[in-house]
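Please work through the following exercises with the sequence and the model at hand. Each task is followed by a solution in steps.

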Amino acid sequence: MSENTEFQMPIPAPELERLNFLLGEWTLAGSTVESPMGPATPITGWESYEWMEGGFFLIHRWESSFEAAGMKVVDAGHEFFDYDAATGRYRTHFFNSLGPYDHEASKYHGGFDGDALVVTGPARITRGPNADGTVTVDSDVPVGEGVWAPFMVCTLTRNP
């Protein structure tokens, strides 16, 4: 670096602002979808989204519970969203209590389809804002090459 070069602080990608519809604390309610994996079962919990200091990462925290195979399952975790300007894609990386940790299976990437953020990894997760201020979260699982089946449908309601 020459003496005349000034250090410039990096700035977050402006595309990250599209994630602002997720900010806040939410109550989660929904269910799995009846499928070959089992009957539909209610899901309840909470989620929160906030910007990490600096504004480069959106931090998603959650805890939810549901019944599976006759037992209560609690899923808690953290997910980090960012934007890769080189690929033009949003990325997420999550860590949860259901382990064991699989580095590649915990990464998703995608973009917006209209107002909804759609990220794909081992599943496809769509988060879309609704006119009433809620957010719909749909999770789909692969059932063939490029074919997805609904697995879970939830609604996030913003806490006062």
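The model is predicted: local features need pLDDT of at least 70, side-chain atom pairs count only at pLDDT 80 or more, and totals for chains, interfaces and linings use all residues. Residues are numbered from 1 along each chain as its sequence is written, and side-chain values use heavy atoms, with hydrogens and water left out.

**Exercise 1. The barrel**

Task: State in which order the strands close into a barrel, and how they pair.

Solution. 
- Step 1. Strands (E, at least two residues) are DSSP runs, numbered from the N terminus. Two strands pair if DSSP finds at least two bridges between them.
- Step 2. Ten strands form the closed barrel, in the order β1-β2-β3-β4-β5-β6-β7-β8-β9-β10, with antiparallel pairing. From one strand to the next, the twist averages 25 degrees; the axes are lines fitted to C-alpha atoms, and angles run from 0 to 180 degrees between N-to-C directions.
- Step 3. One of the pairs is β2 (residues 42–51) with β3 (residues 58–68), antiparallel and joined by nine bridges. Within it, Y49 stands opposite H60 of β3.
- Step 4. In general, strands of a sheet pair through backbone hydrogen bonds, either parallel or antiparallel.

**Exercise 2. A nonpolar patch**

Task: Identify which residues make the nonpolar surface patch of about 220 Å².

Solution. 
- Step 1. Patches consist of residues with over 30% relative accessible area and no salt bridge; nonpolar side chains (Val, Leu, Ile, Met, Phe, Trp, Tyr) are joined within 5 Å, and like charges within 9 Å. Areas come from the Shrake-Rupley method with a 1.4 Å probe.
- Step 2. The patch is made by M52, F56 and F57.
- Step 3. F56 is located in the loop between β2 and β3. F56 counts as partly exposed because its relative accessibility is 30%; buried means under 20%, exposed over 50%, and partly exposed in between (1.4 Å probe, protein chains only).

**Exercise 3. Salt bridges**

Task: Determine how many salt bridges there are, and which residues share partners in one network.

Solution. 
- Step 1. A salt bridge requires a side-chain nitrogen of Lys or Arg within 4 Å of a carboxyl oxygen of Asp or Glu. By this rule there are six.
- Step 2. Among them is R127 with E79, whose closest N and O atoms are 3.2 Å apart. This pair links distant parts of the chain, R127 lying in β8 (residues 124–129) and E79 in β4 (residues 71–84), 48 residues apart.
- Step 3. R127 has a relative accessible area of 4% and is therefore buried. E79 is also at 4%, so E79 counts as buried.
- Step 4. R91 forms a salt bridge with D82 at 2.5 Å, N to O, and one with D84 at 3.6 Å, N to O. These shared partners join D82, D84 and R91 into one network.
- Step 5. R91 is partly exposed because its relative accessible area is 34%. D82, at 11%, counts as buried, and D84, at 17%, is buried.

Terms used. Helix = DSSP H or I, 4+ residues; strand = E, 2+ residues; numbered from the N terminus.
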